[in-house]
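Welcome! Take a moment to look over the structure below, and then we can walk through some of its charged side chains together.

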Amino acid sequence: MYYQLHFSIKLCSFHSLSFLSCNRLICISYSTFYRNPDDTSNPEALPSAPASRQSRLVPPSNVKFSRNGQFSFKTRHSEQLEIDDVVLSNKKITSFIRCGDLDSAVRLFESVKFKTVITWNSILAGFSRKPGYVEEARQLFEKIPEPNVVSYNTMLACYWRNCDVQAAKSFFSQMPVKDVASWNTMISGFSQNGLMGEAEELFWAMPVRNEVTWNAMVAGYVESGELESALELFRGAPVKGVIARTAIVTGYMRSGNVERAEKMFQEMPEKSMVTWNTMISGYIENGKAEDGMKLVKKMMVSGIKVNDSTLSSLLLGCSNLSALKLGKQVHQHVVKSPLYLDMTVGTSLISMYSKCGVLEDALKLFLEMPRKDVVTWNAMISGYAQHGESKKALCLFDEMRSKGIKPDWITFVGVLSACNHAGLVNLGIQYFEQMQNDYGVEPKPDHYTCMVDLLGRAGKLTEALDLIRRMKFKPHIALFGSLLGACRIHRNLEVAEFAAKNLLSLEPTNAAGYVQLANVYAAKNQWEGVSKVRKSMKENKVIKTPGYSWMEVGRVVHEFRSGDRLHPDLESIRMKLKDLEKKMKLAGYVPDLDSSLHDVGEEQKEQLLLWHSEKLAIAFGLMKLPPGVPIRIFKNLRVCGDCHQATKVISAIENREIIVRDTTRFHHFKNGACSCGDYW
């Protein structure tokens, strides 16, 4: 899970700041830095540029610019028509820009013979809104005959949008006129770039502050993880509006303090759509998906219409809970709403179906979507990779590139995962190098984790260690976890001890590290080593996460733990398992006793293996689901070797498709085989 801060700077009235939290993204949209270019409601706020600025456009003799960019004229009919044409052109340019059609706006701008400062500001706004157009915007700004404060603020925003901090600071210091929007743009820009020290310095130096100033600072502190500073400033704010309160709710949720977030939410006299979405996504991100779903229902009962952010958060909750039926209900709601063609919602649906084990529905949605961005392609590529459809994932990647969609770092995580799940070592190395050399994507921790797992599981442990040593940044926990998993497969105790030592030095209470090391000792029948690991866990007060599986039957989620003693149908489940065990052994199944970490007799090991959580879930599914309906099971740990072998046999003798999602991927069992090809 990670958060990103997006500042969407819109050229419109500086009235409010919206704070949006959706999926794993925190989005802050400062929609109020500037007036609309054709807004002249407050002429005195728009002083002209100093007289030293030479005009490059001389208007007709009967037209004179005023300080706010408007003009006076002789009221002859022909001149009135000319002025009406200018106003109409300005509105058309603004309309094109709002629709994202900069090319049409530029063509119209170039065809306009008489341009007011509003005309120039409108087209400058278009370049400012598009990342990567900072040089074009700067050249255009230099040509404005008499720029006003809106012109300067628009150019300032362009520098921040393109993350050019130094250029923004220099430009701000040289601005001949500044209004409150200018200062707020700087404060928000510093906040966006994590420079809260400079933002704070500017905040206290600011001659006049308004509510947006306080909102920007509170939100900036929250984004920087400085919740206490945000709270201190919030307490001193003269006005505590919905935006600042929503920012604090976000801060509480991000710090895991759900109760305080709930208290703040309940006490808010006014709630915006963003506030509701912040709570919903906060619940989801804190593992309280059910509470998030309840809040969505309460929201709808209150007459508040859900938007794309609400639905995306809700679909993420469905994915986390593997609540396929609820996800389908959300899909039905989307079909009946104007959000049906929304790209964000469509992408969330693709992700939901993929994570709930219904890849065919995810693909159908993907093919039907009229517009796709890189996030949509990433969702489908990752879906294919997670389901072991590596060839399809890589073919889709090639198709994506052929359509001119530039892959980002997340794309390559999906691509490398596809290579990893299929054991395509050389191809994975090729993509890893291509990512850097051809696309300029710097490797992130996720890429290295994929590569270490790819090399390690293929038995290339020396190469995996060499890659770790060549990394430009300090190795992280997931990296050593992947290396440990590879050591379990190849029973390499020396590398396992090295990986475990490094992992536990980073996180001494990481239960997975101890368990993985114990797995390697057990695989080599070194029970003394297993005993030492368990003793170390006890000394460090490490609690092992118990293995459990869950499945949805009739809108009810049933959970099963290894050696379960609580499920109401436990007796009949065990009877079903006993019956299955007899059939499985007749079909050639032999229990994989190496999958048991307990130093007990073979008969007792077989019994413990038979009661693993996924086997209990499979037996329950066979009892409760009608013939022909796939059994979908979700597990919090990686599937063990014995359960994998047993599920293959059960799929054949029961003529049933069984889909199991563990922590790394999906396994589709059918007719005695698994989609992973026994490579996991």
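Is Arg 457 buried or exposed? This is a predicted model, and in it Arg 457 has a relative accessible area of 6%, so the residue counts as buried, the cut-off being under 20%. Its salt-bridge partner is Asp 453, which is also buried, at 11% relative accessibility. Both residues lie in helix H23, 4 residues apart, or about one turn of the helix.

Salt bridges turn up elsewhere too: a search of the whole structure finds 16. Here are three of them, with the N to O distance for each.

| Lys 169 | Glu 198 | 3.1 Å |

The side chains of Lys 169 and Glu 198 meet in a salt bridge. This pair links distant parts of the chain, joining helix H6 to helix H8 across 29 residues. Lys 169 is partly exposed at 28% relative accessibility, and Glu 198 is partly exposed at 28%.

Elsewhere, Asp 579, Lys 583 and Glu 654 are linked in a network of salt bridges.

Now for a patch of positive charge on the surface: Lys 294, Lys 297, Lys 325, Lys 328 and Arg 555 gather there. Helices H14 and H16 each supply at least two of its residues. Lys 297, found in helix H14, is exposed, with a relative accessible area of 51%.

Terms used:
Residues are numbered from 1 along each chain as its sequence is written. This is a predicted model: local features need pLDDT of at least 70, side-chain atom pairs count only at pLDDT 80 or more; totals for chains, interfaces and linings use all residues. Side-chain values use heavy atoms; hydrogens and water are left out. Patches are made of residues with over 30% relative accessible area and no salt bridge: like charges are joined within 9 Å, nonpolar side chains (Val, Leu, Ile, Met, Phe, Trp, Tyr) within 5 Å. Accessible areas come from the Shrake-Rupley method with a 1.4 Å probe; for residues, only the protein chains shown count as cover. A salt bridge is a side-chain nitrogen of Lys or Arg within 4 Å of a carboxyl oxygen of Asp or Glu. Lys and Arg count as positive and Asp and Glu as negative; His and the chain ends are not counted. The place of a charge is taken as NZ of Lys, CZ of Arg, CG of Asp or CD of Glu. Buried means under 20% relative accessible area, exposed over 50%, partly exposed in between (1.4 Å probe, protein chains only).
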